[in-house]
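Biologist: Before we discuss the terms used for this model, may I see the sequence and the structure?

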Amino acid sequence: MSTTAPAPAHADHAAAGHGHHELPFLRKWVFSTDHKVIGLQYLFCCLFTLMVGGLLALMVRWQIAYPAGAKPTEEQVQELRSRGLTGAELDAELAKIDNDRPFPILGELLWGEHLEPELVNAGEVGEAGVFGNSNGMMPAEWYNVAFTMHASVMIFLVIIPMLTGAFGNWVIPLQLGAKDMAFPFLNGLSFWTWICAVLILFASFFVDPAGIGAGAGWTSYPPLSDVVTPTAGPGQTLWCIGVIIGGTSSIMGSMNYITTIVNLRAPGLSLFRMPLTTWAAFITSILQLFATPVLSSAMAMLLFDRHMGTSFFLPEGLIFTGETVPNAGGGQVILWQHIFWFYSHPAVYIMILPAMGIVSDVIAVWSRKPIFGYRPMVYSMSAIAGLGFVVWGHHMFQSGMNPVLGTTFMISTIMIALPSAVKVFNWLGTLWGGQITFSPAMLFALGFVSMFVIGGLSGIYMANAPFDIFIHDTYFIVAHIHYVLFTGSVMGIFSGIYHWFPKMFARHMNDAWGKVHFWLTFIFMNGVFFPMHIIGLGGYPRRYASFRGYDFLAPYEGMNVFMTWCAILLGLSQFIFLANFFGSLLFGKKATSDNPWHANSLEWSTQTPPPHGNWIGPVPTVYHGPYEYSNPNCKEDYAPQWMPMQTIYGGSTAAAPAAPIVATGGTPPPPHPAH
Amino acid sequence: MQQVRPPEFGEAWKWWLPPHYSSFGDEVDTLFHWIFWITMVTFVGVELVMLYFCFKYKRNPARKATYTHGSHSLEVAWTIIPAVILVALGVASTKTWATIKNPTDSDYPQEFQTTVKIVAQQFAWNVTYAGDDKTLGTDDDFTETNILNVPFEPIDAEGNATTEENVRVMLTSQDVIHSLFIPVLRVKQDAVPGYLGNVWFDVQRMTSPGPDKKHLTGDSRYSEDGRTLIDWEESYEIACAELCGLGHSQMRMQLKAVPRADWEAWSHTKSAAAKARAAAK
Ligand code: HEM
Ligand SMILES: [Cu+2]
Ligand SMILES: [Cu+2]
């Protein structure tokens, strides 16, 4: 397709009466095919799944800080001694000390009443909880389920759908000047398919009579995930099915975005006039389309192994709890890792590229500057995507893979840090000489840049194969993932919400509370995730239900407790956001302008909120790139894409395009904001 | 003699890498230090520039933002310079990687003074020693659970090895994947079912207590004030680093590094007993 969209199609569309007839409630708000409604559906659902994922994270953190079996502390012993107790008397008193702490509120509800050691020793049994009775303390199987589901929920049900589903849907057609997605029905189908995945993944908590869900980690390495055992029962099966279905939704979505971006751009909107949010969505969709089927195939093989007697991943002679596994033989354990990471490495970029796009747009708008190095930004995103397919082996340095491959993957992985660095430098370049306003959206974008640096740099430690020997599967990895995914992607998501909220809901969020939300989030997330680097350097392994039993982990108890409390405060800070979000939705200051931030891209050209069909009348025509901020030839410090510069601003014609002047249905720019 | 832990044990390593005792540990840690300084400089630089810009370019109606779409030469510079640094880092690391993992490398040990086989299972390590005949798979082999006992490599006060004591571990698993993680040796290797992997290491220890107290760890014996190393039967912890089920965090093994003579005596006793048992069958 050439650079212009098929205008006649739009005309027909409009003529068919878009925006002029009312749809029945169910068609309009539930089984909708309108990309904006679908986008908001994703947004609201993801806020819910985010809370579930967050709660699971707090359970994981609580368990790490306070595993069962806490011994009397030095002070407690001293105290008893000072009362003159010694020998058997002292031992008897010590045995009565109970330092175990059940998870607040939920602990006893889920795992039974917590009794004093005295009563337990006397053979008393408390009331059972929803998931059996382990004296109110989280059992190891639950811990495994909690971290597995925390990661799965955050990846498959929060970050990917939030970035591609919510922002992709809501923003892309508007930035393209399209009346809707290329395949509106497929879009709705994709959403409802995703809802099925959500339900199935959540159901995995409840299907197992033993009360255990999927507990083999989000990476689900066989044979642990492959052989049906009490620890990998029906929950694990549902997990595989849920991931396949979620992937199917991703595939539908990505095809839709690619088709829309290639075919439905407004007249004049060439690829290199697209805002970076849309570019990121484009590249992400390509990644998704190529990578996700690979994940689905891996999951299918795993399911076959589990339930149909195949043995893709099971070698001969496996012995589980004293018995030979009947269908084992001829399979390769490491095969799974190759297939899984072939998807999952690109998947980590699926989770960051859209956030990078959002942040780029936010930084440009709020510093009134053109993006520094627009094309290098596009090229580096493409490079990240391309290289992303040849680095998967960096997750497998210690897996027994051929060491020569290790060298290869080390070099390719180190190289992938380069485009990330280029992006950071360009963001700094964009800030340089700007007119920076610290709105909540901008604060989160700046937070993204400053914290993504940490995640990117810690990647270099792990990319270094010899040093990765030491830090692989330790908390250093956990620090890395959270610096890129929480302080990166999640901050990008918040930034996007604050930025587009007025367009989405025709009301403004509260700025002051937005800033409070930012600062609390920023402080506590560093409190949670930074010490993970330190305990990782101490060799603290990830996925450990308890540090008790290892001398070399004992010194980290204090840091673990600190991180856990930061995590709790981080979680509580998010209620400020929720209150602000829902409060503003209902009572926020009404948006008085269609373009309150004086931004250039097309989503700001239409009514607020945008009507069904996005523009009443024909779609706007695009005259120039999206980052014409502070152009000296213009009176104002911005030049919307839908307006030829010379007509609106009366500046010199030097920078004006030769395009004809058309009435566009866009609103003329309001006067300069009083920031 | 009373056994006293030096006061700085554990806490001393809390904020940094633990001490290392293998011959390649130093190379690994050197790489870490290089990366640490490179990334620290980058990190501090980027954050300072960003903070500076945030203060300097705060919104000010008296000023107009600079209108620029970028700079070709800057792009080239900040692509080429990091690229050179990164490639150099990569190239510098390949040698260490090969020494540790690649049997075809010239620095990979040609000879192993000790070979053991470890079969991991949920949730224990079964270590089989070759016994008197130094061959695995014979009657005088013996198996210990969760104890990896090896001779150490004596080094003199200058830190040079006086004899070689390379240990080879043939590593596999009978059920799920586990991972042999010996923090103080900078060793980690997955134990993969259906595949017999190889790991090697050596445990270097001084033949006399060094002044730098480099080896203060484990069950060493110290003088009563906890300052002077008197005798040391060191034992280090080995952990499982790959999620293997409910008991994952309980798969603890002890690594004991003892003088060759002591090790021979221990091995001989165990081996003879195993042989007698086999004969009795
Ligand atoms: C700057 C470039 C980056 C480099 C060089 C890099 C390198 C690595 C390496 C080598 C590992 C494997 C470590 C190990 O298991 O031993 C890893 C793990 C991981 N990385 Fe990155 N990374 C980079 C950026 C990112 C980004 C942008 C994301 C996501 C948004 C990301 C997400 C992850 C995740 C989720 C894992 C852990 C997977 C797991 O084992 O559960 N990384 N990274
Ligand atoms: Cu990766
Ligand atoms: Cu394990």
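This is a predicted model: local features need pLDDT of at least 70, side-chain atom pairs count only at pLDDT 80 or more; totals for chains, interfaces and linings use all residues.

Modeller: Residues are numbered from 1 along each chain as its sequence is written, chains are lettered from A and ligands numbered from 1 in the order in which they are written, and side-chain values use heavy atoms, with hydrogens and water left out.

Biologist: Which atoms coordinate the copper ion (ligand 3)?

Modeller: A donor is an N, O or S atom within 2.8 Å of the metal (3.2 Å for Na, K and Ca); water is not among the atoms, so sites may look incomplete. Cys240(B) (SG), Glu242(B) (O), Cys244(B) (SG) and His248(B) (ND1) coordinate this ion at 2.1 to 2.7 Å. Along the chain their spacing is C-x1-E-x1-C-x3-H.

Biologist: Why is the site of the copper ion (ligand 3) called irregular?

Modeller: Four donors count as tetrahedral if all angles lie between 85 and 135 degrees; four count as square planar and six as octahedral if opposite donors are over 155 degrees apart and all others between 65 and 115; anything else is irregular. The angles among the 4 donor atoms here are 84 to 133°, and the site is therefore irregular.

Biologist: What are the protein donors of the copper ion (ligand 2)?

Modeller: They are His345(A) (ND1), His394(A) (NE2) and His395(A) (NE2), 1.9 to 2.0 Å from the ion. Their spacing is H-x48-H-H. The iron atom of ligand 1 is 4.6 Å from this copper ion.

Biologist: Why does His394(A) count as buried?

Modeller: Buried means under 20% relative accessible area, exposed over 50%, and partly exposed in between (1.4 Å probe, protein chains only). His394(A) has 14% relative accessibility, so this residue counts as buried.

Biologist: Which protein donor does the iron atom of ligand 1 have?

Modeller: Its only protein donor is His480(A) (NE2), at 2.1 Å. His480(A) is found in helix α18 of chain A; helices (H or I, at least four residues) and strands (E, at least two) are DSSP runs, numbered from the N terminus.

Biologist: How many residues surround ligand 1?

Modeller: There are 23, and the closest are Asp468(A), His472(A), His480(A), Ile481(A) and Arg542(A). The shell divides into 13 nonpolar, 8 polar and 2 charged residues.

Biologist: What makes the approach of Asp468(A) to ligand 1 a polar contact?

Modeller: A polar contact is a pair of N or O atoms within 3.5 Å; within protein, one must be able to donate a hydrogen and the other to accept it, and residues adjacent in sequence count only if both atoms are side-chain atoms. A polar side-chain atom of Asp468(A) lies 2.6 Å from an oxygen atom of ligand 1. For His472(A) the distance from a side-chain N or O atom to a ligand oxygen is 2.7 Å, and for a polar side-chain atom of Arg542(A) it is 2.9 Å.

Biologist: Why is strand β7 of chain B described as largely enclosed?

Modeller: The strand (residues 178-182) is largely enclosed by the rest of the structure because 5 of its 5 residues are buried. His178(B), Leu180(B) and Ile182(B) point one way, and Ser179(B) and Phe181(B) the other.

Biologist: How do you know that β7(B) and β8(B) pair?

Modeller: Two strands pair if DSSP finds at least two bridges between them. Here 5 bridges join the strands, which run antiparallel.

Notes. A residue is near a molecule or strand if one of its heavy atoms lies within 4 Å of it. Ala, Val, Leu, Ile, Met, Phe, Trp, Tyr, Cys and Pro count as nonpolar, Asp, Glu, Lys and Arg as charged, and the others, Gly among them, as polar.
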